[in-house]
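Me: I have a structure open and would like to talk through how it is put together. Can we go piece by piece?

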Amino acid sequence: MSEPVLCAEDVVVDYPGHPPVRAVDHVSFEIHPGEVVGLVGESGCGKSTMARVLTGLLKPDGGRIVYRGRPVLPLGLGGRAKDSTGIQMVFQDPGSSLNPRRRIGPQIQDGLDAARRRLGPLSASDGPLAAERVADLAHPSRPDTGSRPTTVTQWLERVGMDPKDATRFPRSFSGGQRQRIATARALAAAPDVLIGDEPISSLDASTQALVAYVMSSLTVAQGAGMLFISHDLSVVRLIADTLLVMYQGRVVERGPADEIWADPRHPYTQALLRAIPTPDGARRLPAVTPPGTTYPREEAQR
Amino acid sequence: MDAARPKRRLLSRVWRKIPPEIRMPVGAVAFVIALAWVVLCVVGPSIVPYDPLAQTLPRFSPPSSTSWFGTDELGRDLFSRVIAGARITISLALLLVTASMLVGSIIGVVAGFFGRWVDEVLMRVTDVVLAFPTVILAMVTAAALGASLFNAVLAALIVSWPPYARVVRSLVLSLREADFVSSGRLLGFSAVRSMRVDVLPNIAGPTLVMASLDIGNAALLLSGLSFLGLGAKPPTPEWGSMISAAVVNFDKWWLGLFPGLAILTVVISFNFLGDALRDAFDPEAGRV
């Protein structure tokens, strides 16, 4: 298997309090280029905290994040280290993922600018991923089949929006459209890793699949890795190659998505799967887990 | 957020008592009056019937067809003086509000931006200033600086910036956590760029509304200082000092009434205009 592009190594995060809350408890995993990793778990299990740590928005209390062989440093007052703009994120709330006072064109342009700053004038010496992109861009003969868009217009088209929308403000778009714009912005930065922190959770069901599909297909088409965080296993299963199940700050089960779906080993994963409603016409309610049920925090072996 | 909101002023409480369905018409009337005062502030001195400083008319003549507001103890036309006074009071009030907003915003942004001990120090200073009764502190400062219009503005500035600092700081703090600010940082924005592009444009609206609410109060504070002899000096046609001169001739009702009405209409119209603006910008805010 290829070198991982992003590794979490024994990450620990404590939130202050009496006693402190351990939000993330010794979590390690890897994301490889072209791989979609799904991270599922209930609210408060540490998923979003993990996302913020991976991007450097939050400093871990233990362990570290390694991006392309180098540790990710927490964000300070200065700009982010140039090369770490290769980690991008799409946030949960479509109402606040875009600046309401700026037209969306310039906001997507920020992503393109970040790519240009990091990859320079697109020289092949920036590593194999950059080399691939240069090769990609060098083929104008195939403008729309996987090559990376290089303008705001192209990006808007790529996420299924009208290029004329570039001059409009975020308020004139629906939640699903905003999440697609936010995706375009993040992907325009040519990330090696895209982290989606419940990017579809607040969208209605008909839009969820579209946005999830747009995100994962465009990410994978760029050869980037992706971490897709959700509490909804049924959507994650469709796009993820690998699945991580988190419970109370720990990864309790991991493995290929299909295998976990077919044969969950950990009692918590089994409960998650039972809780998914099935539209089979049988009018069965999903299994209800009694409040207060606890599960072992040890990782299940596969 | 709520903790940082300054105490609701009397006139804002009055505004809440106005039935919602006529608030916008009332706001429109307030806008017209405020606009009229601003226009008079610009053109007033050139359209008045008499020179506001000329002592050529009979003394203490009551309002008449030649001298609408009457004349004062030195035979000056009161109507001309009240209109000419608009330029002094309103322009200084605007200057004061602008300066308070700038000083308060800078302090608020710095506190919210750097956080930790910088925030701690700046907010304690703000609290100390807020803890003093506004008018008393302004009086003491103006007295210490010496009586002049400029010093009155300076003294008023010292007591007027803290509410802005508090509100701007809390806005910066809440925006710093906003997702679009984080995503800007992830795209490599420096903290300064993030402030300029993502944070400041989003706090401008609420801050300007707050400033518009403050214009009437600024006019009142400046007139108050002049009334106490700590601002404009005679013969400057300033409303506060005109009322002050009228106190000794209280039987000549027109001397105090007209400058007083001028202050009243300015304070009420700008306050209601500000409230109407806030309702228009943020319809939810009025219902809490």
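This is a predicted model: local features need pLDDT of at least 70, side-chain atom pairs count only at pLDDT 80 or more; totals for chains, interfaces and linings use all residues.

Me: Start with chain B. How many helices and strands does it have?

Reply: Chain B has ten helices and zero strands. Read from the N terminus, its elements go α-α-α-α-α-α-α-α-α-α.

Me: What does the C-alpha trace of chain B span along its principal axes?

Reply: About 75 × 45 × 30 Å.

Me: And what share of chain B counts as buried?

Reply: Of its 288 residues, 45% are buried. As for contacts in chain B with a separation of 6 or more, 70% of them join residues 24 or more positions apart.

Me: Now the helix pairs. What do I need to describe one?

Reply: For two packed helices, the description is the angle between the axes and the distance between them.

Me: OK, H2(B) and H3(B). At what angle do they cross?

Reply: Helix H2 (residues 20-47) of chain B crosses H3(B) at roughly 120°, and the axes come within 7 Å. That angle makes the two helices oblique to each other. The crossing is left-handed.

Me: Which residues of H2(B) and H3(B) meet there?

Reply: On H2(B), they are Trp37(B), Val38(B), Leu40(B), Cys41(B), Gly44(B) and Pro45(B). Facing them on H3(B) are Ile83(B), Ala84(B), Ala86(B), Arg87(B), Ile90(B) and Ser91(B). By class, this contact has nine nonpolar, two polar and one charged residues.

Me: H3(B) also meets H4(B). How is that crossing set up?

Reply: H3(B) covers residues 78-114 and H4(B) residues 116-131; their axes come within 6 Å and cross at roughly 145°. This crossing is left-handed. H3(B) contributes Ile107(B), Val110(B), Ala111(B), Gly112(B) and Phe114(B), while H4(B) contributes Arg116(B), Val118(B), Asp119(B), Leu122(B) and Met123(B). Those residues divide into seven nonpolar, one polar and two charged.

Me: Further along, how far apart are the axes of H7(B) and H8(B)?

Reply: They are 10 Å apart, with H7(B) at residues 179-186, H8(B) at residues 191-227 and an angle of about 150°. H7(B) and H8(B) are therefore roughly antiparallel.

Me: Is the crossing of H7(B) and H8(B) left-handed or right-handed?

Reply: Right-handed. The residues in contact are Phe180(B), Val181(B), Gly184(B) and Arg185(B) from H7(B), with Ser194(B), Val197(B), Asp198(B) and Val199(B) from H8(B). Four of these count as nonpolar, two as polar and two as charged.

Me: Switching topic: how many residues does each chain put into the contact between A and B?

Reply: Chain A gives 24 residues and chain B gives 16 residues. Strand E6 (87-90) and helix H2 (104-119) of chain A each supply at least two residues of the chain A side. The largest share of that side, four residues, is from H2(A).

Me: How does the chain A side of that contact divide by class?

Reply: Into nine nonpolar, nine polar and six charged residues.

Me: Last topic, the core. Which residues have the most contacts inside the largest nonpolar core?

Reply: That core has 156 residues, and the ones with the most contacts inside it are Leu54(A), Val193(A), Leu227(A), Val245(A), Ala156(B) and Leu222(B).

Me: Take Leu54(A). What is it in contact with, beyond its neighbours in sequence?

Reply: Setting aside neighbours within four places, Leu54(A) contacts Leu6(A), Ala8(A), Ile65(A), Ile87(A), Ile195(A) and Leu227(A). Leu227(A) is itself among the core residues with the most contacts.

Note on methods. Residues are numbered from 1 along each chain as its sequence is written. Chains are lettered from A and ligands numbered from 1 in the order in which they are written. A nonpolar core is a set of buried Ala, Val, Leu, Ile, Met, Phe, Trp, Tyr and Cys residues joined through C-beta atoms within 7 Å. A residue is buried if 20 or more other C-beta atoms lie within 10 Å of its own, exposed if 12 or fewer, and partly exposed in between; C-beta atoms are placed from the backbone. Two residues are in contact if their C-beta atoms, placed from the backbone, lie within 7 Å. Ala, Val, Leu, Ile, Met, Phe, Trp, Tyr, Cys and Pro count as nonpolar, Asp, Glu, Lys and Arg as charged, and the others, Gly among them, as polar. Axes are lines fitted to C-alpha atoms, for helices over the stretch in contact, and angles run from 0 to 180 degrees between N-to-C directions. A crossing is left-handed if the near helix is turned anticlockwise from the far one by less than a right angle, and right-handed if clockwise. Angles under 35 degrees count as roughly parallel, over 145 as roughly antiparallel, 65 to 115 as roughly perpendicular and the rest as oblique.
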